Amino acid sequence: YDHLDLPSLHKLIELNGKPLSIIVPRGTAAMVNELETEVSELDWFPIDNKETRMGTLTISAFRVEHYGYVPWPGRDSYTGFNGYVITGESGKLVFIGDTAYRQYRDSSGKFVDKQGRSVNWKSRVGRGGRPDLCILPVGDAHYYWNHSSPAESAEMAAEMNCSRWLPIHYAT
């Protein structure tokens, strides 16, 4: 929800010269309907690593520790946010988007622990060997229950044994 950039998607379609195939989290396809392109929803719930194929690529969804800026009252839900593992002939890419480093919510999205429980990030990114590239967030650490600090992002990269780490965040 909170990082959808329709102008960038419009530009990608323009550069591609034809409609794209877009994968979005469960419950968010309506947000990209104006693009008039193929949209598929991929969901990690109730178990991680639900997957689909696009050509030679396999795209798997996994849970991140965020809430995707779902408007109230739906904020305590698991709709609207995914991490993705993309595997193909030339390697494995992990894209997390926004996440906290530790787990502060249960599977329904409700807060469970102010201290935060450890997350086994390596198990969340699943099978397929060592990631060649991990695109990980460096968000506002003040909102630690939804974002990871630069240091926590580096720890996630180390825990997942990433060959390369690309720290990102929307508008930074």
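What share of the 172 residues in the chain is buried?

## Overall make-up

Buried residues account for 41% of the 172 residues in this chain. The model is a predicted one. The chain exposes about 9300 Å², and 54% of that area comes from carbon and sulfur atoms.

The chain has three helices and eight strands. Read from the N terminus, the order of elements is α-β-β-β-β-β-β-α-β-α-β. Among contacts with a separation of 6 or more, 60% join residues 24 or more positions apart.

## The aromatic pair

The count of aromatic pairs comes to one. The ring centres of Y104 and Y144 are 5.3 Å apart and the ring planes stand at 70°, so this pair is edge-to-face. The label follows because planes over 60 degrees apart count as edge-to-face.

Where do Y104 and Y144 lie in the chain? Y104 is in the loop between strand 6 (91-95) and helix 2 (121-124), while Y144 is in the loop between strand 7 (133-137) and helix 3 (150-159), so the pair ties together parts that are 40 residues apart in sequence.

The two residues can also be described by their accessibility. Y104 has a relative accessible area of 9% and is buried, because the cut-off for buried is under 20%. Y144 has a relative accessible area of 34% and is partly exposed.

## A charge over a ring

Another ring in the chain has a charged residue over its face: R124 lies over W121, at 5.2 Å from the ring centre.

Key. Residues are numbered from 1 along each chain as its sequence is written. This is a predicted model: local features need pLDDT of at least 70, side-chain atom pairs count only at pLDDT 80 or more; totals for chains, interfaces and linings use all residues. Side-chain values use heavy atoms; hydrogens and water are left out. Rings of Phe, Tyr and Trp (its six-membered ring) pair if their centres lie within 6.5 Å; planes under 30 degrees apart count as stacked, over 60 as edge-to-face and the rest as tilted. Helices (H or I, at least four residues) and strands (E, at least two) are DSSP runs, numbered from the N terminus. Buried means under 20% relative accessible area, exposed over 50%, partly exposed in between (1.4 Å probe, protein chains only). A charge sits over a ring if NZ of Lys or CZ of Arg is within 6 Å of the ring centre and within 35 degrees of the ring normal. Contact means heavy atoms within 4.5 Å. Accessible areas come from the Shrake-Rupley method with a 1.4 Å probe; for residues, only the protein chains shown count as cover.
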